[in-house]
Structures are given as structure tokens and as C-alpha cells.
Amino acid sequence: MDIVLLVKAAVMGIVEGLTEFLPISSTGHLILAGSLLGFDDDKAKVFDIAIQTGAIFAVIGVYWEKIRSTVVALPRQPKARRLALNVLVGFLPAVVLGLLFGKAIKAHLFTAVVVASTFIIGGFIILWAEKRPPGAVRVEHVDDMTPWDALKVGVVQCFAMIPGTSRSGSTIIGGMLLGLSRQAATEFSFFLAIPTLIGAGVYSLYKERALLSLADIPLFLVGLVFSFVSAWLCVRWLLRYIASHSFVPFAWYRIAFGIVVLATAWSGAVVWAE
């Protein structure tokens, strides 16, 4: 296996892990990083989706006790069954809309200009959401959510099908606007990511299996390992951060980064792959 290719896989894994659970769009960053590294062919697109599984294993590790206790308690505790049902309900909109529109979105929207534009738009939405007068928080804890709350967050998550929008940003900021506390919205975003990203990874690997071979295993393993480690560090940091901070810095980062990408694309300073 080409060492340079493995280094690119490691870089992409780090980018995935650091951006998956922050409201700054992992898909957008992977598209841009892949373009800069020349790692943007059809196999690379499958790789980008598959290594999300590494980030998800990090969430499972951080929340292992919560997940284990919920699974064990399913037969006897209504609270555990409600959380499991909420995750399932929140996951369904992504399944339906992903199957209907996923192919068209990948064919037409996975470009640097689209990513940069949604970076900027999403940044202004976060600023607006954070500067609104604080509304009534209806749901303080993730265990208090109803299936209707979960469905609404699941629908909001589907905006992240547009690259650069951010799945985490959609679910966290959307959840807060829908009456969830910052902590509840963030934790439900993590739990909802488990079936969403594992499902996307398995489906992508199966659908594009003709592109892959046994020789690709080291490439994918490197991406998964680096994605796991960087995501584990990021999730633990984010849980501490949200206890006393807003998402405003991420909004300004999105806006600044989006402007830089648009400027370099329009000036020709960087030739971003389409």
C-alpha cells in the first residue's frame, strides 16, 4: 500500500473525527480536504462515508454506560424504551429522504461552491439562533423527549443532506429552536448519529462494493482509527464546552472559512475539484 495514500487516509480520518460532532459540517470539510489532497475519486467518496463509523464508535465509547444500561433496561423500563423509540423515529426521515434524493444530491451538490455557500448560510443561522431571546425550554434532559420531539429533530437532520450544512449543527441548533435544552439537543444529536452514520456507511459500502478490494483494507482501517481517536477527543471536549459556552465561535468560523473558499475558487488561487 502506498505510504502517501495512507497518510492521506490518516489526514481525512482526523478531519472526519474533529468535525463530525461540531456544527461545522464534516462532509463539507472532507470534500474540501479531499480536493486539496487529490483524494476525491469515487473510491474516496465511499471512504469518506465509511470512516464516519470510526467517529460513531467514539460516541458509543463515551456513552457506553448509558447505551448499555438502556439496552439492558428495555424489557422493564418505559424510559429506556422511549429513548430507543425516539432514536428510531428520529432516524426514519433520513432513511426515506436519503433513498429518494441521496443520489441526486451527490451528483449535483458535492462542490466547493455549494459547500462554501452553505457554510456561510449555516453560520448566520447559528448566529441568529444564539442571539434570539431565550425561549422556554420544554425538554431539559434527553430522556424527557417525546417521539414527536424526536421526529421533528429527525426532519431537521435531513437538511444536512446538503453538503456543508452540518448534521450536528442541524440537529443541535434545530433541537434548541424546538425547545430542547442545549445539553438535551447535543446528546440526542450524538445518539441519533449512531444509526444514521452506521447505516449510511454500511449502505455505501454495499452499494459501491464493486469499487473495493481486499487491498483497500489498510486504507480504510487507517481512516477508521484516526477518525475514532480524534472524534473521541472532540466529543469529550464538546460536552465540557457546551456547559458554559454558546456556538457563536463556530458560526464565525463557518462564515470566515466559507468566504475564503469562495474567494479562492473565484480568483483561481485554488482549483477545487468538482
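What follows is a working chat about a predicted model, covering its confidence, cores, rings and some individual residues.

Colleague: Which elements have the lowest and the highest mean pLDDT?

Modeller: Helix H3, residues 42-50, has the lowest mean among the elements, at 88, whereas H8 has the highest, at 96.

Colleague: OK, on to the packing. How many residues are in the largest nonpolar core, and which have the most contacts inside it?

Modeller: The largest nonpolar core has 44 residues, and those with the most contacts inside it are Phe21, Met145, Phe188, Phe191 and Phe247. Two or more residues each come from helix H4 (52-62), helix H6 (78-108), helix H7 (112-131), H8, H9, helix H10 (182-207), helix H11 (217-241) and helix H12 (248-267).

Colleague: And which element gives the most to this core?

Modeller: That is H10, which contributes nine residues. Apart from this core lies another one, of twelve residues, which includes Met12, Ala33, Phe39 and Phe47.

Colleague: Are phenylalanine 39 and phenylalanine 47 buried or exposed?

Modeller: Phenylalanine 39 and phenylalanine 47 are both buried, and both belong to the core of twelve residues.

Colleague: Which residues do ring pairs link into a cluster?

Modeller: Phe21, Tyr63, Phe190 and Phe191 are linked into a cluster by ring pairs, and of these, Phe21 and Phe191 are also listed with the most contacts inside the largest nonpolar core.

Colleague: What lies over the face of tyrosine 206?

Modeller: Arginine 209 does, at 4.2 Å from the ring centre.

Colleague: Let's turn to H12; how far apart are its end C-alpha atoms?

Modeller: They are 29 Å apart, and this agrees with expectation because 20 residues at 1.5 Å a residue should span 28 Å.

Colleague: Which of its residues are buried, and what do they pack against?

Modeller: The buried residues of H12 are Phe250, Ala251, Arg254, Ile255, Gly258, Val261, Leu262 and Thr264, and they pack against H2, H7 and H11. After H12 comes glycine 268, whose phi is positive, near 85°.

Colleague: Speaking of positive phi, what about serine 25 and serine 166?

Modeller: Neither is a glycine, yet phi is positive in each, near 75° for serine 25 and near 95° for serine 166. Serine 25 lies in the loop between helix H1 (3-19) and helix H2 (26-37), while serine 166 is found in the loop between helix H8 (147-157) and helix H9 (167-177).

Colleague: Why do you count serine 25 as buried?

Modeller: Its relative accessibility is 2%, so serine 25 counts as buried, the cut-off being under 20%. Serine 166 is buried as well, with a relative accessible area of 4%.

Colleague: Last one, where is aspartate 149, and what does it touch?

Modeller: Aspartate 149 is in helix H8, and it is buried, with a relative accessible area of 4%. Not counting residues up to four places away in sequence, aspartate 149 touches Arg138 and Val139.

Key
Residues are numbered from 1 along each chain as its sequence is written. This is a predicted model: local features need pLDDT of at least 70, side-chain atom pairs count only at pLDDT 80 or more; totals for chains, interfaces and linings use all residues. Side-chain values use heavy atoms; hydrogens and water are left out. Helices (H or I, at least four residues) and strands (E, at least two) are DSSP runs, numbered from the N terminus. Buried means under 20% relative accessible area, exposed over 50%, partly exposed in between (1.4 Å probe, protein chains only). Rings of Phe, Tyr and Trp (its six-membered ring) pair if their centres lie within 6.5 Å; planes under 30 degrees apart count as stacked, over 60 as edge-to-face and the rest as tilted. A charge sits over a ring if NZ of Lys or CZ of Arg is within 6 Å of the ring centre and within 35 degrees of the ring normal. pLDDT is the predictor's confidence in each residue, from 0 to 100. A nonpolar core is a set of buried Ala, Val, Leu, Ile, Met, Phe, Trp, Tyr and Cys residues joined through side-chain atoms within 4.5 Å. The expected span of a helix is 1.5 Å times one less than its number of residues. Contact means heavy atoms within 4.5 Å.
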